[in-house]
Amino acid sequence: MKTRAAVAMEAGKPLEIMDVNLEGPKAGEVLVEIKATGLCHTDEFTRSGADPEGLFPSILGHEGAGVVVECGEGVTSVEPGDHVIPLYTPECRECEYCLSGKTNLCQAIRGTQGKGLMPDGTSRFSLDDGTVLHHYMGCSTFANHTVLPEIALAKVNKDAPFDKICYIGCGVTTGIGAVINTAKAEIGCRAIVFGLGGIGLNVIQGLRLAGADQIVGVDLNPDKKEMATRFGMTDFVNPKEVEGDLVAHLVELTGGGGDYTFDATGNVGVMRTALESAHKGWGESIIIGVAPAGAEISTRPFQLVTGRVWKGTAFGGAKGRTDVPKIVDWYMQGKIEIDPMITHTLTLDEINHGFDLMHEGKSIRAVVTF
Ligand code: NAD
Ligand code: DAO
Ligand code: ZN
Ligand code: ZN
């Protein structure tokens, strides 16, 4: 079939909107009509050429929601008409990682997904001249239709609006999951969140959900204060306005340091500040941000000797097929909010403008609807 897509032909170039060829689903695969997709910083990281593992040409996008159109042979967990959220972290429930109960990093299709291919080692997308288009993060949601493995689809509530729940495909789950699954934050804790963008705001609402007593937000951009306060931030710190040492300031503000601190900036200097502003003896610092290629973190080992813990999280530690439907239900029940964070809704033809808004710091989430 033909479908309309935004194609990343070359690194650093704007996406090109065009009709592409899409082969139907093979065994274990599912054809999905994408109804909405968010634009995440990771898409921009790859589009810009900064991602050393970026493959071109490709169809980017990994934060989508849509409807199952057709199932390949042997598919049992979804059927045409089901509403689904694609998962860049699949959940096969059979591999060593899934069965460990210790991680969400299912490895069932890791090799081919990283090469921009479906599990059989081929792509379903191509151009009329025979050019093969790579899949992206196993999702390729910047297309009106895409094909995914069954294990990379979370079946969700049919009443949920696509243009909001697409954000659960990455940002919402990453932020809330970092609090609930990775930090396992408890009622009454004190926390510090570095970076109040699309991820940090969701860390904040995760902390509110967990019953944190103090939620300190740290950002260089004072415009982020209003939205973060709306989502539960209790104290705002702009490092540019702190006289003296930022760590000392944060430790004093939290009465000894954060029980949990989170980096949602991707800046390795901030990651160090986050670790060192965690409470002596027990504070845990969670790295969410993805640092530039080749970047390294450092601290004095004595920071760990004296009880601070450094951790990281991918997709908020969430097991997609199990946890994502629950997060959609939380949204439908009003336990979490998404709508105010969707600051811009665009057409596929306007997708490059969405990346401009991201660079200008004007959007939390821009969403493309089909
Ligand atoms: P964003 O650009 O919307 O937000 C980043 C925020 O950090 C901005 O508000 C910015 O002003 C602030 N900031 C930048 N430098 C700062 C500094 N030195 N001190 C304080 N604040 C600073 O980005 P986002 O969409 O929220 O993503 C945040 C990070 O999370 C990115 O690195 C992204 O790649 C990563 N990410 C990780 C996962 C995961 O699974 N681990 C998933 C999605 C995104
Ligand atoms: O299993 O080795 C692996 C790969 C896991 C990839 C997890 C993605 C990490 C988060 C990247 C940013 C997502 C938008
Ligand atoms: Zn993302
Ligand atoms: Zn698995």
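## Domains of the chain

Domain bounds in this report come from an automatic or database domain assignment. On that basis the chain is divided into domain 1, residues 2–169 + 338–369, and domain 2, residues 175–313. Their C-alpha centres lie 29 Å apart. Nine residues of domain 1 are in contact with nine residues of domain 2, where contact requires C-beta atoms, placed from the backbone, to lie within 7 Å. On the side of domain 1 that touches domain 2, six residues are nonpolar, two polar and one charged. In these classes Ala, Val, Leu, Ile, Met, Phe, Trp, Tyr, Cys and Pro count as nonpolar, Asp, Glu, Lys and Arg as charged, and the others, Gly among them, as polar.

The structure is a predicted model, in which local features need pLDDT of at least 70 and side-chain atom pairs count only at pLDDT 80 or more, while totals for chains, interfaces and linings use all residues. Residues are numbered from 1 along each chain as its sequence is written, and chains are lettered from A and ligands numbered from 1 in the order in which they are written.

## Annotated regions

The UniProt record, an unreviewed entry, places "domain: Alcohol dehydrogenase-like N-terminal" at residues 27–116. Over this stretch the chain is 19% helix and 24% strand, with end C-alpha atoms 18 Å apart. Helices (H or I, at least four residues) and strands (E, at least two) are DSSP runs, numbered from the N terminus.

The annotation "domain: Alcohol dehydrogenase-like C-terminal", also from UniProt (unreviewed entry), covers residues 198–330. Here the chain is 38% helix and 15% strand, and the end C-alpha atoms are 18 Å apart. UniProt positions follow the numbering used here, feature names are shortened, and annotations may be inferred rather than shown by experiment.

## Ligand surroundings

A residue belongs to the surroundings of a ligand if its C-beta atom, placed from the backbone, lies within 6 Å of it. Ligand 1 is surrounded by 29 residues, of which the closest are G195, G197, I199, G266 and G289. By class, its shell holds 14 nonpolar, 13 polar and two charged residues. Because domain 1 and domain 2 both give residues to this shell, ligand 1 lies between them.

Around ligand 2 stand C40, T42, T89, L105, Q107, R110, C170, V290 and A314. Five residues of this shell are nonpolar, three are polar and one is charged.

## Strand pairing

Strands count as paired if DSSP finds at least two bridges between them. An open sheet of four strands runs in the order β1-β2-β6-β7 with antiparallel pairing. Its edge strands, β1 (2–7) and β7 (132–133), each pair on one side only. Within the sheet, β2 (residues 16–22) and β6 (residues 125–126) are joined by two bridges, and N21 has S126 in β6 as its bridge partner.

Strands β16 (residues 342–346) and β17 (residues 365–369) pair in the parallel sense over four bridges. H344 stands opposite A366 in β17. Between β16 and β17 the chain passes through helix α12 (residues 351–359) in a right-handed β-α-β crossover; that is, with the strands pointing away from the viewer, the path from the first strand over the helix to the second runs clockwise.

## Backbone details in loops

The peptide bond from F56 to P57 is cis, with omega near -10°. P57 is located in the loop between α1 (41–47) and β4 (64–71).

M137 is not a glycine, yet has a positive phi of about 50°. This residue lies in the loop between β7 and β8 (145–149).

Notes: Contact = placed C-beta atoms within 7 Å.
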